Amino acid sequence: AIISIIVLIVCSAGCYLFITQRAQLDRFDASLHNKKYKEAKELYEKLMDSQKTEADSIILAKVESIYNVYYKGNRTIEKAVAELDNLLMIKSNVKEEINEMKELFALIAESEKDYEKGKEAYEEGKLKNSIVYYGKVIKKDRNYKSAQSALKKISNEYRKEQIKLAQEYVEEDDYDNAIKIMYNYLKLLSNDKVALEKLQEYKSKKLDLNILDIQDNIDVCTKKNDYVEAIKTVKNA
């Protein structure tokens with residue numbers, strides 16, 4: 001009977017301790033959820049070492065939540081960073097991860113500026129500049145999909161503009177400048193299949209034109225019986 005009573009007391013004490021510890025973690029979780037960071041800091045310091053691993057997981061979930069709320073458009077970067085700074089006040093073991101998220105938001109801040117510059121450049125008719133700025137928008141930026149959509153549209157406009165300019169040179173048999181225009185365009189958008197095809201077309205036509213010039217030179221030399229010069233022309237070609 002005495003042993004049974006002792007076992008019952010020990011079990012009761014263990015259950016009480018477990019419930020108390022669980023309650024502490026729940027309070028800590030609730031404090032973070034309600035943005036009571038000072039209270040969360042105090043609760044974290046009172047947790048047992050065995051509990052802090054779970055508490056760290058709760059903090060990491062909060063960090064991810066801060067980003068997700070930003071991405072959905074419900075929080076500015078400034079407010080997100082302020083919340084991360086509040087999390088850094090807690091003496092947790094995940095400060096490195098929190099700082100990494102702050103670094104990401106710093107990159108996103110620059111990305112958002114590029115997105116706005118891309119819009120401004122397009123409104124001013126500066127298609128090339130607009131493409132450059134939109135191309136700098138990173139995937140973690142909530143504007144990324146919009147930037148990609150704008151980039152596709154503007155790239156098509158810019159390609160048509162550049163091909164039209166190149167065709168004006170082609171009409172004058174100036175393939176060097178036509179090729180140069182397409183090369184410059186492809187420096188900006190290297191995977192554009194239409195531009196690549198145009199570049200190859202201009203190169204082929206330039207080659208055909210060069211071959212015709214060579215043939216004409218050879219014909220002139222042979223009519224003059226200047227076979228040495230004709231052979232030299234072939235060798236140079």
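Residues are numbered from 1 along each chain as its sequence is written, and side-chain values use heavy atoms, with hydrogens and water left out. Because the model is predicted, local features need pLDDT of at least 70 and side-chain atom pairs count only at pLDDT 80 or more, while totals for chains, interfaces and linings use all residues.

The protein chain contains 10 helices and zero strands (DSSP runs numbered from the N terminus, helices being H or I of at least four residues and strands E of at least two). Of its 237 residues, 32% count as buried; buried means under 20% relative accessible area, exposed over 50%, and partly exposed in between, with a 1.4 Å probe and protein chains only.

The largest nonpolar core holds 27 residues, of which F28, L32, I59, L87 and F105 touch the most other members. Such a core is a set of buried Ala, Val, Leu, Ile, Met, Phe, Trp, Tyr and Cys residues joined through side-chain atoms within 4.5 Å. Two or more residues each come from α1 (2–33), α2 (37–46), α3 (49–71), α4 (77–88) and α5. The most, seven residues, are given by α3.

Across the whole structure, 13 salt bridges were found (a side-chain nitrogen of Lys or Arg within 4 Å of a carboxyl oxygen of Asp or Glu). In the pair R75 and E83, the closest N and O atoms are 2.7 Å apart. R75 counts as buried at 12% relative accessibility, and E83 likewise counts as buried at 7%. Within helix α2, K41 and E45 lie four residues apart, about one turn of the helix, and their salt bridge has its closest N and O atoms 3.0 Å apart. Both partners are partly exposed, K41 at 26% and E45 at 39%. In helix α5, K119 forms a salt bridge with E116 at 3.6 Å between the closest N and O atoms; the two residues are three apart, again about one turn. K119 is partly exposed at 31%, as is E116 at 37%. Salt bridges that share partners also join K35, K62, R75 and E83 into one network.

Helix α5 (residues 95–123) also includes E96, which is exposed with a relative accessible area of 57%. E96, E97, E100 and E103 form a negative surface patch. Patches are made of residues with over 30% relative accessible area and no salt bridge, like charges being joined within 9 Å and nonpolar side chains (Val, Leu, Ile, Met, Phe, Trp, Tyr) within 5 Å.

Key: Areas by Shrake-Rupley, 256 points an atom, 1.4 Å probe, with all protein chains shown as cover. Lys, Arg positive; Asp, Glu negative; His and termini not counted. Charge placed at Lys NZ, Arg CZ, Asp CG, Glu CD.
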